[in-house]
Amino acid sequence: MDITVTRRVTTKFPLCVRQSFDEIHTVSNMATIVTSPTDTSQERPAPKPTRLYGLMAEFETPGDLMAAAEKVRDAGFRWWDCHTPFPVHGLDGAMGLKRTVLPWLVFGAGATGTLVAFLLQAYTNSWNFPMWAGVWVHGYPFLISGKPAMSLPAFIPVMFELTILFSALATVKLMFLFNGLPMLYHPLFKSNRFRRASNDRFFIVIEARDPKFLPKRTEEFLRTLGPTSVEAVED
Amino acid sequence: MTTLSHDSQLGQMSDNTVDRPGERAPLVLNMNTFGQVTATVCRVNEAEKAPTAWYIAFAGALGLLSVLGACIGYLIVTGVGVWGLNNPVMWAYDITNFVFWVGIGHAGTLISAILFLFRQKWRTGINRFAEAMTIFAVICAGTFPGIHVGRVWFAYWLFPIPNQMEMWPQFRSPLLWDVFAVSTYFTVSLLFWYTGMVPDLATLRDRAKGKLQQVGYGIFALGWRGSNRHWHRYERAYLILAALSTPLVLSVHSVVSFDFATSQLPGWHTTIFPPYFVAGAIFSGFAMVVTLAVPARELFGLKDLITLRHLDNMNKVILVTGCMVGYAYSMEFFIAWYSGAMYEKFAFINRAFGQYWWAYWIMVSCNVITPQLFWFKKIRTSIPIMFVLSLFVNVGMWFERFVIIVTSLANDFLPTSWDMFTPTWVDIGTMVGAFGLFFTLFLLFCRYLPMIAMAEVKTVMPQADPHGAGAGKHGHHGHEKGHH
């Protein structure tokens, strides 16, 4: 482990030590630090120096994870995450996550739906000017059972439905978009151990791009949090 | 996991229908680890072969599906005259089936959305396949208006698509509201179902042995990796979807009831219809969930996740909504008399004692009398009895729609325009065939998709609480520190 930058650092967790990615490049074969005897993935030979993605610590229970997450948060890391098989209650606070703005955008989408539905119905059933919508179209106000052409009460059900439809589509699309999904490839998927993140294990991953990340220091730090294993994940 | 002794005892308890003050009844039995939940649910999808009963059921479902296909094909090439419709009874089995299937769907949304908002934790065991049931039921429902329009190749006229004919749908008609309500309902239910399933698809992807499963589940899992930053937005989104689906589900059957209530026909033109239809929909939907859950939990070994308590709770919902439906039946009669409207009074007396009296009394005995048996806990917790009763409710609710639709149309204001409706073999074949479509989809779902929301079930286990029993030696201490 020939990491010049760690030698330079003497304090335990310096406020900010910026590393360029070139320096991280020199971190080859970091995978030797894995402790668990059952894992064999770290023994595969690295043909050439690869870039370190981050360090992954594994925990057995949500309680252990939560305690560890609070410490990682307090240590001032920014590019880090917890990976859990289910949403752990209170972990957002333990990680210091800010509330998502998603609901506000959904509100906007819903309002758009209401407006679109109103205009659609008003145009097609109440107004009579030509408009280009793929082809030239006309509104068609016609009299039926004495109802006025602009019958707002009769338009309400469709306005309601499109409000819901637009909101729901926006909710799901924006949620996945903000989460950066779909993303079928991710460095973490290289780890066999990480497969249990969707089953019964809890992980903390600190990424190498974090300004405070120092391979050795960070590994030592993660070990103090009581994980069952710490593994280096390559990009 | 040595600190779990208390919860372990709870977990081993075989009868979780007993309420003990100050204790939460366990919703997952005989399991103490998250891994056990994963293994139990995934076993269904990962098994080399499905249980023999699955193959038999699937063959039967495919048989019925082909009946549906044949009947629809015959209808399209010949015309709607192959049904027993006549003038005045222009709606009969087609719309009965439509309303029946839309109604079935409502329980899925009630479980997934309304019970979620009410923090009813027991929903986690049953929500996934109840939502699946919703989607498949809405597919069945959508088939019927699609084929009853006569010239099915013009079915796209239902939607406001810009066209060179300068022709638009009539937005002042409840039938068009229905198009929007049902298609929105289908889309939102599908989104809700799929969003809920993504973490579980990731589980199947991570456990996959073969390349095909890994890629297949992998694509639909969208690269989900359980990141808590993702979970944070995911939970918000899920809550929003629940909040959107709740008024939506109430609106859908209300709009379906507007198809009738906004008309002038005696027996249809009543203000009680929207709430009465919604209660009936939830009633029939829960009966269908019980009908499906009872064999599914036996067949796929899910008794520890869909426990007797879940079934007991569902039977209580059936009892409550059954009472509402019974109340609506009697209130309809009362209002018919109280209104003093001659035709209204006749319509209801004719329903009970006219030529369709047998349909009316099947409806009353199945929907009003049957659920009353669920007052008894012995019956609520008896698997064979609840299964039979749920079938009765399904039958009764089909007849409810038949009675409403056909009796009002057959005998309206003018005796000279009265006529009887008799179904043809195509009517019956289409009705039975729709069950084939439903069960084909449902059986495929059971085999290839996670039938129980694993990620959600894990959250209701005591071990999932980072402050509770599940917290290891570091957990509690660490958290305390974090707050000081």
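Predicted model: local features only at pLDDT ≥ 70, side-chain atom pairs only at ≥ 80, totals over all residues.
## Where the two chains meet

Now to the place where the chains touch: 69 residues of chain A are in contact with 66 residues of chain B. On the chain A side, the elements that give two or more residues are α3 (62-74), β2 (80-83), α4 (91-95), α5 (102-126), β4 (135-137) and α6 (152-178). The largest share of that side comes from α6(A), with 16 residues.

By residue type, the side of chain A that touches chain B divides into 40 nonpolar, 20 polar and 9 charged residues.

## The sheet of chain A

Chain A holds an open sheet of 4 strands in the order β2-β5-β1-β6, with antiparallel pairing. The edges are taken by β2 and β6 (229-234) of chain A; each has a single partner strand, so one side of each is left without a neighbour in the sheet. From one strand to the next, the twist averages 20°.

Helix α7 of chain A, residues 215-223, lies across β1 (52-59), β5 and β6 of chain A and runs at about 10° to β1(A).

## Helix packing in chain B

Two helix pairs in chain B are worth a visit. In one of them, helix α4 (residues 93-117) and helix α14 (residues 383-410) of chain B pack at an angle of about 135°, with their axes 9 Å apart. That angle makes α4(B) oblique to α14(B), and the crossing of α4(B) and α14(B) is right-handed. From α4(B), the residues I95(B), T96(B), V99(B), F100(B) and G103(B) meet M397(B), W398(B), R401(B), F402(B) and I405(B) of α14(B). This contact of α4(B) with α14(B) divides into 7 nonpolar, 2 polar and 1 charged residues.

In the other pair, the axes of helix α2 (residues 34-46) and helix α6 (residues 174-207) of chain B come within 11 Å and cross at roughly 75°, which makes α2(B) roughly perpendicular to α6(B). Here T38(B), C42(B), N45(B) and E46(B) of α2(B) make the contact with T203(B), L204(B) and R207(B) of α6(B). The residues of the contact of α2(B) with α6(B) divide into 2 nonpolar, 3 polar and 2 charged.

## Two backbone details

In chain A, the peptide bond from L181(A) to P182(A) is cis, with omega near 0°. P182(A) sits in the loop between α6 and β5 of chain A.

In chain B, R119(B) is not a glycine, although it has a positive phi of about 55°. You will find R119(B) in the loop between α4 and α5 (123-148) of chain B.

Technical notes. Residues numbered from 1 in each chain as written. Chains lettered and ligands numbered in written order. Contact = placed C-beta atoms within 7 Å. Nonpolar A, V, L, I, M, F, W, Y, C, P; charged D, E, K, R; others polar. Axes fitted to C-alpha atoms, helices over the stretch in contact; angles between N-to-C directions. Parallel < 35°, antiparallel > 145°, perpendicular 65-115°, else oblique. Left-handed = near helix turned anticlockwise from the far one by under 90°. Pairing = 2+ DSSP bridges.
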